[in-house]
Amino acid sequence: MPSERISDLRSERLQNYLRGLLDRKSDHGARKQTLEKTFREINHLDIDLAGSLLYDNPLFSHLGLREEATPSNLFGTDFDAIFCVRDEVILSHLRNRVERNKESLVSLLEGHLSLNELMLDGGSISSNIRAIQLIESKGCTLHTFLKIAAFYSAAANKDGASRIFEEVLRKFGYRRGNPIPNIVVDTINWQFDFLRLRRTIEQAYETDLHIGNRRSITLPVWMYNPLPSTSIELTAYLKLLWSYSLYDALVYYLSIRDNASSLVEEGMVLQFGPEVEAAWTRLKSAANGAREKLMVNREHEDFLFFRASRAFLENRDCLTEVALGQIFYRDAAVHNYQKPQLQTIALEALIGHDTPEALLRAGEKPDTTDYNPNVFRNSVALANIVRRGDNLSSISGSDVAKLMGISRDIDRLLSTDELRTLVSAAPDDLASLMYATLLRARSDQNWDSFRFKKVLQSYVIHHTQGNLIAFLDHIRNLSEAIVPYYVQLLDETTISQLHQLITSAKMVYETRIAILDWHADRFSDENSRHRALQLRVDRKIDSLRGTINEARLNIDSPRFCDWMADRHLSDIVSWLRDPAFSIPDFASVSRGSKDLIETVELNRDQNSRGLLALLEIYREFCVNPHFGITSYLGRRIRHGSMKGTLLNGLKSVRGEQEFYSLRGSPSFEEYDIWLVEYEKHVNAIVSSLHFNDKRDRVDGLLSSTIVNAQQWNILRGAAENVARAFKSEGHFHGVPVNVEHLCWLVLEVELERIQRLLRDKRPAWGMFAPCNPDWTDNLVLKRFCSRVNGITDANFQRCISWLRKPTNISPSALFSDVLSLVLAETRDRFPEFAPALVESGLSELTLSGTLYYLVYDALYVIIVNAAEHGNPTGELSVDVRLEERKSGRAVTLCVTSALLNSSNALEVKKKLEVGDKSRLEEANLISKGSGLLKLQSMRARGQLDGLEVDCNIENRIVTVRLDFRLEGLHASAGR
Amino acid sequence: MRVLVVEDDDFKFEDIADLLQTLPLAVEATRASSVQAGYEAIQRAGYDYIILDMALPSHNLVAGTGNPYPEPVGGLEVLLELADQRRPEKVIVLTQYPSIEFNREYIPLERFPSVAAQHGIGSVRACILFGLDGDWKELILREMANYEDTSH
């Protein structure tokens, strides 16, 4: 306005700033600084005039503030700073600017009303196209962009709508390398891991203060937490949205004012002119039915709606959904929760009168495989009940178990302080156990973990006769829904720490097998059945070997699985679920996985994200200092133990009685020199026994990235097995454990390399080979030399044995051990069976992997057949080979046995061709089939790649040839 | 003096046993080689001192029965059990790692007794780094020099 003059401003400093801004040639940085100062200087006396000058006067048009209703470039990067007036004048400023721009704002409000109608009520291709034309004619605000992102997510690939929306999003900034619009879209898009993205953002931008004065920080934070917790946050969000457009600030303010009025303090309530208020009232009602329209993918419905709702805050239902979900997913905030926050008021409006009794009466049968809206609501309600301070001490343990069964993630919704209070106020042992179980899952405190184990053991001892299976039955009677939680929790790691109940290592495995069997029977869970079988075969082999097994490496499995569930499970499950699930072969992955991570980071398709997650999981499995391999490597091997063990006995050996005569011998000088050198080598190897995961640790012998084809192929095969198990089970409960097994398989290659390296080192410096002729001439010196080398051999062997994975995890066995076990078990059944065994091929073949017991299973069938129908003292030849084929590596097993002299070869041949259904039921550890039928069914299920059975009538021999493809199975020649 | 040594490494136990023999008092030493054995030992009897390793296997090694679980801070279970039972035993932690993971933080050995005491574990008299140089022996002897035989 020509009549408005800078000199009319009350603040002289403000006058000066505005004069400075008149300079159209000033550089970008200086202009930004002056603008910031200008806005900060505006007080209530100057607010009207300053606003008019800056926004409406052509003298300041070069500042780009004139297009305040709709931005010309939504995600333009001219200024990252948020320019806005001081908090105390922001509402006056908003009212002024809205009044000044009311025509264009009303037009935009009506445009969004039409947009909602076209997309929510219409939604056809033609209405979508009309909606897009509308956007293009009126311009794109942040609110518009959010709505397009919501429809883009809901459209999936149906009818090409996804492509249309994607093009519009791209037009307004959604493209590779433009992080802010990408985050906005990904937050809403159901295909992206909401929590992981949020953590990445928070880490990247260090948003400890939660609210910044930069758009690139505050917008992502707002995307995750669109409802303010405090009036300060409300003002900060208002400024942020205003930095995109006046329309965005207006709609956000009105949404909070009308749909969450408790968040707007008295004195902050604004009324706008009648035209604006009327247009707003119409818009509010136009998002009704958003849930139905946006719920295309029923599997994720409440989750999807929660994410999409932030695009429809003008609608009360949508805002409530955000309020519910926001607290549910703000786990960090929830953990630190100390006092009621404003956002919970919105929750209480909906569920504030719930009581535990009411929840139990309404008892929703939970669907544990996906997000169930009622379970979701029960969870927040239950958390709210606790947070309100309602006394739960009157709720019995059995009711607490039922409440746990109709809710989920209570441990994430309550702070550890709240959970600790519940434990201490629990009315009975069972309630105490339930609360202690939740606390254990989230607490960092050793005492909490210790008390959980004490409470659990005490409960089992006093209520279920010390029997964990009886305990599970008891829990099942209370609530089936919480059984999987306990079955997963009571793995070998947890069981091994129950020192009151479990008195030996053997008992650890027997108990776990019993739990898996129980779960397999009660819940028809094939995955548990397979794991039980695997463990059982492993125990038998251990028992047969009769050796000491001292693997010192492990991970803290429950913590690892919790971490995986928090960070990556969503990406992995989406990947496994994707019909296009695939992993590239190693040839197309020419670089290490670290580089690959960087590559796939840029590639946003489902497969790449899944693979990226898997590689990150493996890396963390190796190097996480709290639960990863590195923790065990450091504490159980590298620090002291390995050096002490490698040196053990080498100093004291001279004191042995046998060598008394050598005391003072000058020949010992050579031994002393060797011992000093030996210790130096030991120091060198021990100090390099770590992962080369950091720049200052590049000398590490172990790598947490996948750098060779062998590891890659194992990862590929094992991942395909995880996907197969996931599809056959139909839920994701088994995924973390199966992924853990995958990690062990990949690591095993690395461990074998280190074992070989240690073995190779021994001849180089680990053997005492003196040059002085005294040592060969003197018998006592020779004996001493031999004794020393015997000690180093034992020491090396012991240390090498530490570098194995625990045998129960993806167990491995020498083929010769598997064969010995099968022969021993067959002899138990047929005592006269004493064949002349002829072994050929790779009897020292190591078999490992999730399905390795299948080799045992198939061999058992064949050999029991041979014992029952063949010549018990005839020749039994077993040939095993590792073959390279076009389709990959395979283990080929060929067993030939002699027929009984009395047998009719023709009849045997005929019988073999049809299979005998009636025999050998015990041979089949998996199903009720038997013998050849069993082998055939293994072939049909893809567990065997090849099966040939032949009876040679002339030579009177039966030959069975089996091929096992190496996918989940891993084999290496020698140990 | 009754001493429980919770230690799985043979070479380390032998060194400790040799050291205990040098004490002027008669020492009745008991060895536990795992967390489970340590737990049972403290249920069974009382001790004047417990020399406690931190990284331990869950159970004793027995041929043919599968591997026990390695526990990087398994010794903490023994400490917590002692604290839970309000036991009077004095504990000397003797470990080969320069820190102890407690409440998911790595506590340097010299700070561990006070941190443990703040969390209700008051029994830790010293926390000593074991090394092949033998400096730890002096520290243990110094600690045990304060022992007063109260059994009579």
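Me: Hi! Which salt bridge do the side chains of A:Lys680 and A:Glu677 meet in, and what is the N to O distance?
Reply: In this predicted model, A:Lys680 and A:Glu677 pair up through their side chains in a salt bridge, at 3.3 Å from N to O.

Me: Where do A:Lys680 and A:Glu677 sit in the chain?
Reply: Both belong to helix 38 (residues 668–687) of chain A; they are three residues apart, so about one helical turn separates them. A:Glu677 is partly exposed, with a relative accessible area of 35%.

Me: OK, how many salt bridges are there over all chains?
Reply: A search of the whole structure gives 43. One of them joins A:Glu492 to A:Arg512, with 3.8 Å between the closest N and O atoms. This pair links distant parts of the chain, 20 residues apart: A:Glu492 is in helix 29 of chain A and A:Arg512 is in helix 30 of chain A.

Me: And are A:Glu492 and A:Arg512 buried or exposed?
Reply: A:Glu492 and A:Arg512 are both buried.

Me: Which residues are linked in a network of salt bridges?
Reply: A:Arg257, A:Asp258, A:Glu277 and A:Lys284 are connected that way.

Me: Switching to helices: at what angle do helix 12 and helix 13 of chain A pack?
Reply: About 150 degrees, with the axes of helix 12 (residues 231–244) and helix 13 (residues 246–259) of chain A 5 Å apart. That angle makes helix 12 of chain A roughly antiparallel to helix 13 of chain A.

Me: Which residues meet there?
Reply: Helix 12 of chain A brings residues including A:Leu234 and A:Trp242, and helix 13 of chain A brings others, among them A:Asp248 and A:Tyr252. The contact residues of these two helices divide into eleven nonpolar, no polar and one charged.

Definitions and conventions: Residues are numbered from 1 along each chain as its sequence is written. Chains are lettered from A and ligands numbered from 1 in the order in which they are written. This is a predicted model: local features need pLDDT of at least 70, side-chain atom pairs count only at pLDDT 80 or more; totals for chains, interfaces and linings use all residues. Side-chain values use heavy atoms; hydrogens and water are left out. Axes are lines fitted to C-alpha atoms, for helices over the stretch in contact, and angles run from 0 to 180 degrees between N-to-C directions. Helices (H or I, at least four residues) and strands (E, at least two) are DSSP runs, numbered from the N terminus. Angles under 35 degrees count as roughly parallel, over 145 as roughly antiparallel, 65 to 115 as roughly perpendicular and the rest as oblique. Contact means heavy atoms within 4.5 Å. Ala, Val, Leu, Ile, Met, Phe, Trp, Tyr, Cys and Pro count as nonpolar, Asp, Glu, Lys and Arg as charged, and the others, Gly among them, as polar. A salt bridge is a side-chain nitrogen of Lys or Arg within 4 Å of a carboxyl oxygen of Asp or Glu. Buried means under 20% relative accessible area, exposed over 50%, partly exposed in between (1.4 Å probe, protein chains only).
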